[in-house]
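The entries follow in the order in which I looked things up.

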Amino acid sequence: MSEINYQVGASKIDITPDFPVRLSGYGGRRDEADSVEQRIWAKALAIRNGVESPALLLTVDNCGVPDYITEAVAAELKGDAGVPREQFVICSTHTHSAPYLSGVLRTLFGVPVPEAHQKNVDRYSHELTEKLKQVAKAALVDLCPASLSWGEGRVGFADNRRTQGGPVDHALPMLRATGADGELRAILTSYACHCTTLGGDFNAICGDWAGYASAYIEADYPDATALVAIGCAGDANPAPRTGLNFARQHGHAIAAEVNRLLGSDLVAIQGKLSGQVKEVDLPFDTLPTREEWEKRVEGGGAIGYHAQVQLERLDRDEALPTTLPYPIQIWNFGDELAVVFLPGEVVVDYSIRLKRECDASRLWVNAYCNDVPCYIPSRRILREGGYEGEGAMIYYDRPTRFAPAVEDIIIHTVHELLPETFRVDSL
């Protein structure tokens, strides 16, 4: 067992609503959900080096936790527990069978959300925020001596949904926290695949494959907390899909690989955990003119509704945004492991490029972190177009597609935040 040089705490809290609420992820699903197939959870992992300020990572069974919730939780933890903002991160599992949250996918449904439905959405959003504060504080209370180690396996059910045989990232990184008594305390893992095993006709609360994976891991290790996050999955769907049996099948695949990794020789982590955050502005492409918005309104449907929302802003003399604020976060354990946290539905090209330009054996890339503002396409996908490149922006209430510069802005910022020793050209 590796040296006991950390303190680790873990906690989880049930975030299943006890009232009807709309689910997120599918615009055609507009009835409130009032049944539960699987309970959903928020989980927290706290890590501290000696007397250093603690770091906290939360995973949340939701399609996307917005930045205003992340910042509200971060602010309270900084004030009450001394957790620096750069050492706090929220990772959404992107399940499409969890409650719709205020401020995410604001034009998802292609029509206004009825007032009665919005009231329940706002209620759940508030209750979730408070529960995230609770679970984070409980993990801090749970801190006790532990060792950390990590390894990387592979799982094969992620499939490129744009191009048959197209690029995917089948890596399954895993962090293990072991108590001083040798007992497993917590497991963190992530996989680059959409949680869309359950289709738009499914209207019940469920964590999808990520929820089943964590449940199966915890069934195997009842004293441990299992946290599942998502990698650069913007253009990856589970295969096969759709249906509960497939969600369970994929969950079992994750749990089986975690079990294999736990029985292997993992790499001990000894280095100091430090975090950094830098917000950059991602430029949108040329905005449509008023005349173009008006023409889209005439076409009706989701595109027309989105255009009407933009026109209403212009009529209120509001300027449509020309950039998207985008916070990029890094945790590194000395020179031993660097963990990248990117907001949004990041496509796989980012993971592939970062692993090519940095030491892939010490790099872990996550997406859907701290905010899910929209898809984050690569230069290639912007050139190809399609849903991930531009079509999805109407559901996220963004004014247009991104400019091609976004890929280099994000990649160069990650390089800036990473210790230089992680770059391939420094090895």
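Entry 1: I began with Glu294, which at 35% relative accessibility counts as partly exposed; here buried means under 20% relative accessible area, exposed over 50%, and partly exposed in between, with a 1.4 Å probe and protein chains only. Arg290 is partly exposed as well, with a relative accessible area of 32%. I noted that Glu294 forms a salt bridge with Arg290, their closest N and O atoms being 3.8 Å apart, where a salt bridge is a side-chain nitrogen of Lys or Arg within 4 Å of a carboxyl oxygen of Asp or Glu. The two are four residues apart in helix H5 (residues 290-299), and so about one helical turn separates them. Helices (H or I, at least four residues) and strands (E, at least two) are DSSP runs, numbered from the N terminus.

**Entry 2: how the model is to be read.** I wrote down that this is a predicted model, in which local features need pLDDT of at least 70 and side-chain atom pairs count only at pLDDT 80 or more, while totals for chains, interfaces and linings use all residues. Residues are numbered from 1 along each chain as its sequence is written, and side-chain values use heavy atoms, with hydrogens and water left out.

**Entry 3: further salt bridges.** By the rule above, I have a count of 33 salt bridges. In one of them, Glu218 pairs with Lys12, with 2.7 Å between the closest N and O atoms. Because Glu218 lies in helix H3 and Lys12 in strand E1 (residues 6-14), this pair ties together parts that are 206 residues apart in sequence. Glu218 counts as buried at 13% relative accessibility, whereas Lys12, at 37%, counts as partly exposed.

**Entry 4: helix H4.** Which residues of H4 are buried? I listed Leu244, Ala247, His250, Gly251, Ile254, Ala255, Glu257, Val258, Leu261 and Leu262. They cover an arc of only 160° around the axis, which puts them on the same side of H4; the arc is that of the directions from the helix axis to the C-beta atoms. The cover over these buried residues includes strand E5 (144-154), strand E7 (171-179) and helix H3 (208-220), where contact means heavy atoms within 4.5 Å.

**Entry 5: nonpolar cores.** I take a nonpolar core as a set of buried Ala, Val, Leu, Ile, Met, Phe, Trp, Tyr and Cys residues joined through side-chain atoms within 4.5 Å. The largest has 112 residues, and those with the most contacts inside it are Leu56, Trp209 and Phe402. H2 gives the most to this core, with eight residues. A second, separate core of 27 residues includes Ala146, Ala177, Leu188 and Leu227.

**Entry 6: backbone spots.** Where does Pro240 lie? I found Pro240 in the loop between E10 and H4, and the peptide bond from Ala239 to Pro240 is cis, with omega near 5°. Another cis peptide bond joins Arg241 and Thr242, with omega about 10°, and Thr242 lies in the loop between E10 and H4. Lastly, Leu105 is a residue other than glycine with a positive phi, near 50°; Leu105 sits in the loop between strand E4 (88-92) and H2 and counts as buried at 7% relative accessibility.
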